[in-house]
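This report examines a protein structure for a reader who is new to the subject. Please keep the sequence and the structure in view while reading.

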Amino acid sequence: MGDLQPCGPVILLLLSLICTTSANVANIANSLKARYELINHNPTGSYYASITLTNTGAMPITAAGQWSLYICHENLIEFERFNLTSGQYLPTWRGGFRLSHVKGCMYKFTPDPAKFTAIGAGQERRITFLAALSISGVYDVYPNMYLADRTHSAVIPTTSDYRYFVSPFENIFQYTRDPPMDPVLPVSPVRSYMLLVNQTYPTLAPGDIIPTPKQKSDAFNGKKITIDNTWRIYHKITDNPSFQNVPMIMDYFASKLGIQQIPFSPNAPQQKVVVIDDENPPPGTENPDEWYTLTVSADHTYAKITGRTSHGIFNGFQSLQNVMSIKTGQNGQSFIEVPQLIMKDSPRFEYRGLLLDVASNFVKVSTIKLLLQAMALVKLNKLQLMLANDYAVRLEIDSIPGFHLVGSRRCHDENEDSCLFSQLGSEPSGQGVGSGYYSAAEYKDILATAKLLHIEIIPMWSFDSNMRASEIAMRAYSKATNDKSMDWSLPALDAESHFKPNLYRMGKVDPCAAETEKFIRTIVTTIRSYHEAAGYPLKTFSVGGEDTDIEAWMAKCTARRNPNMAKEHPYVQTKLAFTRMLAQVAVDNGITLNAFDNQFTAFPTRCQSNTNANCPDWLMPFDKSKWYPSQFKVSVTHRDPRVMANNRLQVKGVNATNITDYDRETKMKMFQRNGYQAIISLLDVLDFSVKQEPNPYVPGEMMFGRTPVPVQHVFSMWPEAMCCSRYECFVQTNPDGYVHKQGFHPPVCLEDVNAPGPLGIQAFISTRKIRTEADLFQLLFPRLLALAERAWHRASWENTVKRSIREIMHAARIAEIQDFQKFKAILGTKLLPLLDRHGVLYYMTPPGAVLRNLTSNINDTNKAVSAKTEYPGFVPQIKTDKMSDFQDIVDDTRYDIKHAEFRTRNQASTRFSRSEIVRTDYTDKYAREHIDIRNKLDQNSFLEYPILTRFRGQDDPSGVNSYALRVNIPLYFDKEFNMYFNKTGYDAFILRKPILRREQEQIRERHLQMLQQRRELLLQQSRQGAAAPPGASQNQFNGPMTSNQNRMTTQNFNPMSSNAQNPNAMSSGIRTSLMMNSDNPMGSTNRVQG
């Protein structure tokens, strides 16, 4: 990384005075101990939290010195008192501090001389507040709270690590996000054991690897070859343009095997050799440029890899690495064992990748290179690096000298003259993971590693609504150099612009500025020059594509007096013009353009005529053949390729008569029909920023309404089925698939069995809450290995749209589960130990464990212990209250226990999972609390939340000492109707409940009558041999009632069941009646994402 001078000159003597600390600010910060506590989540998406400041010094802390406490808090604080237009709070005090929003995630609490009382030595001051949405654990709390006055800043030392300043998550109101009904509980050892105890794993064959090869033969009676330092490696490739950098690749192969490379000659040895040769694949091979064969012969003592290209033979070598075992002989010398086998293989997808955000928080060069090594092991071939977004610019652009110095550095500078203002827990000094950049030389070093490993680096620079860091850096550059040719900033308009979800106004692209186009061209051509200098030409450039709000777009183009503003549908016209400019930049640089699919659409618009030559089709992507240069190459990334059909049908209306197949097709199909190649990056499966399990101490995030993304979800996805991408959506879909079927209404979502399918799939990860390499790799692995399997291998159980869903619902589901067990076996015994040797810190789950009574006396502490690990080859360990350290568990071993900790260790005993505690008096704390609270609801609909029980009588509307309780938070719950209320709404609801109950029963009776009528009609038609009525099947009835009403039968209606979790389970008429007659019984429903 280029040197960052924390207190030195930045761009022509722009000085940051914030880097030093005044005696007053530093003394106060060093005297304070800060603790962040989640008090409780509230129903429907909000929570109470507090910051407790303890004076550990000898002197009282007063308001003198005009200092403020600065914190980064992603969810909007006191959202009901925040004005989204002005960006200011109604006067709000907490603990004597006045609250204000600075920008982005940053807030400050400033001591108010009229309300703040001194914090004496040893005293505490609590700042309690209400926040929007939820948090899922300690990683949602940003570190580095700090104090600052007008010129100086200092971090509160105890807030540098969550372990020292975030209070434990100890009860159901903290570790569930919508108590008391949230079913997403942390995984306990007992429940984990129940899932693992009956799992069986197949016996692996020697050639079983990840990703699964197309063809392999390894039934050779256990024969093996032994590769030691007496072996040699050579290649027989001559004058083949498909093989580039052969000498560099051969050096890599030789070093990995620890053997000597020799030139090929007629006298070259034929035994104890590894031979590399070129060979053409059979006709019809998928992605033939990556095809390879691997032959290992124990009879002839050699290994041979062939392929059509250097990429193919590299894939073959990775398979060789995955099947070989490193052994140590009696003389202490290492050697390699490889089973005899034959493989012939090629990938299903050309594009198999990961989008890594290095902009939000900086990722070191060494970490990226280690990631590339791990990706190569499983044949992933694309790494997209997000180099610039709202939070930072991470690459030196040598054609704009000094531009990156401001854009790559975050510090305490509210004016943002010398750096970006601190965000995401950055240190105010400008040091730490919030700051950093890749020099041109370092970026070329990354390219060199990627070139060797045959992984394409795809730079991504946000030319969309996330250009804030670029805009601030360019503003500083133009001020320092007086070169305004690329400064598109319009500060007056930015000040009036709507807030973005991250609570920034600034940074929305100016599509009509000539300065914007020059900046984009400069960035693209400079990065292309880096690739050329590294000998790894730039093939693809990603431009982001997050939509800018229409008002900001139009305001900027109006200020620029853009001629498109005078045309019909100006937003559509200017968006089309902007994308045409991007297309021309790509053509001029000879590259493929990649963007999120939003970039090439302008819906919803009022341009509804398909025959209007001056406007693209309504709710359609821009037609590539019509609007862009013929040489233009483009791919779009779909984060949800399924939603287009729903949007179009909703806009047209369910009773519209002009609905066509175009209105039912998937978004991916619609883009393909208009000339775009598709990359699938599903938000619900491939967002690796999301936790792997719902535990507050597991890295990652889990926004309100989201569920974890475990390895199995990634493994089980169907990348070639767009209407339904996983088995779990069957229950909501037509069991005959998403195709036209004679006698039936067309499905809402229509698949095309002749569609070409996607170019590939890509996972993505944001680093907003990632601060270490360990955090990053625990979120990526082993899920990235499951992605590699699906990207390379097409499983027999997948729904590939070539057959109806009905055909794959039963036997294929069993095959999927068996396949996943085999995948886990390969991970545990082969691939994860290989990652251990590379130093990749993948996520390890604690074991499942149970304590079993040996006598009828439940108080007897003599227990038998059983435990199971997530993956074969790993070992469960125990530490009881009478042990000083952990020891391996042997099933049914007896221990004298009151409580015990359990953890998992790897094969090499070099890594351990976190530990989980099991007590003899309650073995599953999480489930027990959940059940207790639900039982309380049977007796009383009102639950007292911790905010009430802990602070009863301390409510302080002025906010001077404690907090102000919101009376409209819905803390009342009715079990029968499964609804939350505030106090006023609950009182009104109780009065109307008998009437509502009768109305609900009438709806249920009408529903049952209709079901019976349809059953009788089906029975009659089946006897007559007639077709089923349109929209009906034996498994699904599509009458006028809703799907939620369908579930409310006398047999299965249970208002506390999972089917009743959706408040819409109540009929719309009753809900409307409640809303009209109980003065908003749902309480405050206005939630703001912060």
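## A charge over a ring

Over which ring does the charged end of Arg903 sit? In this predicted model, the charged end of Arg903 is placed over the ring of Phe912, 3.9 Å from its centre.

## The nonpolar cores

In soluble globular proteins, nonpolar side chains tend to be buried together. Here the largest nonpolar core has 175 residues. Leu383, Trp461, Phe519 and Phe781 are the residues with the most contacts inside that core. Leaving aside residues up to four places away in sequence, Phe781 touches Leu371, Ala374, Gln692, Leu835, Val840, Tyr842 and Tyr843.

## Aromatic pairs

The structure holds 41 aromatic pairs. One of them joins Tyr443 and Tyr530: the ring centres are 6.1 Å apart and the planes stand at 55°, so the pair is tilted. This pair links distant parts of the chain, since Tyr443 belongs to helix H9 (residues 440-452) and Tyr530 to helix H12 (residues 514-533), 87 residues apart. Tyr443 counts as buried because its relative accessibility is 0%, and Tyr530 is likewise buried, at 1%.

Phe820 and Phe823 form a stacked pair, with 6.1 Å from centre to centre and 20° between the planes. These two residues are three places apart in helix H23 (residues 811-838) and are therefore separated by about one helical turn. Phe820 is buried at 6% relative accessibility, and Phe823 is buried with a relative accessible area of 2%. Elsewhere, one aromatic cluster is formed by Phe403, Trp461, Phe463, Trp488, Phe519 and Phe541. Trp461 and Phe519 in this cluster are also among the residues with the most contacts inside the largest core.

## An antiparallel sheet

Six strands make up an open sheet with antiparallel pairing, in the order S6-S7-S8-S3-S10-S11. Strand S6 (93-94) and strand S11 (153-155) each have a single partner strand, so one side of each is left without a neighbour in the sheet.

Strand S10 (residues 146-148) pairs with S11 over three bridges, in the antiparallel sense. Within this pairing, Tyr146 has Val155 in S11 as its bridge partner.

## Backbone features in loops

Where are cis peptide bonds found? One runs from Ile210 to Pro211, with omega near 0°; Pro211 lies in the loop between helix H4 (189-196) and strand S12 (215-217). Another joins Phe781 and Pro782, with omega of about 10°. Pro782 is placed in the loop between helix H21 (773-780) and helix H22 (783-792).

Two asparagines have positive phi values although neither is a glycine. For Asn144, phi is about 60°, and the residue is found in the loop between strand S9 (124-132) and S10. For Asn482, phi is near 65°, and the residue is in the loop between helix H10 (468-481) and helix H11 (491-496). Is each of these residues buried or exposed? Asn144 counts as buried because its relative accessibility is 7%, whereas Asn482, at 62%, counts as exposed.

Conventions:
Residues are numbered from 1 along each chain as its sequence is written. This is a predicted model: local features need pLDDT of at least 70, side-chain atom pairs count only at pLDDT 80 or more; totals for chains, interfaces and linings use all residues. Side-chain values use heavy atoms; hydrogens and water are left out. A nonpolar core is a set of buried Ala, Val, Leu, Ile, Met, Phe, Trp, Tyr and Cys residues joined through side-chain atoms within 4.5 Å. Buried means under 20% relative accessible area, exposed over 50%, partly exposed in between (1.4 Å probe, protein chains only). Contact means heavy atoms within 4.5 Å. Rings of Phe, Tyr and Trp (its six-membered ring) pair if their centres lie within 6.5 Å; planes under 30 degrees apart count as stacked, over 60 as edge-to-face and the rest as tilted. Helices (H or I, at least four residues) and strands (E, at least two) are DSSP runs, numbered from the N terminus. A charge sits over a ring if NZ of Lys or CZ of Arg is within 6 Å of the ring centre and within 35 degrees of the ring normal. Two strands pair if DSSP finds at least two bridges between them.
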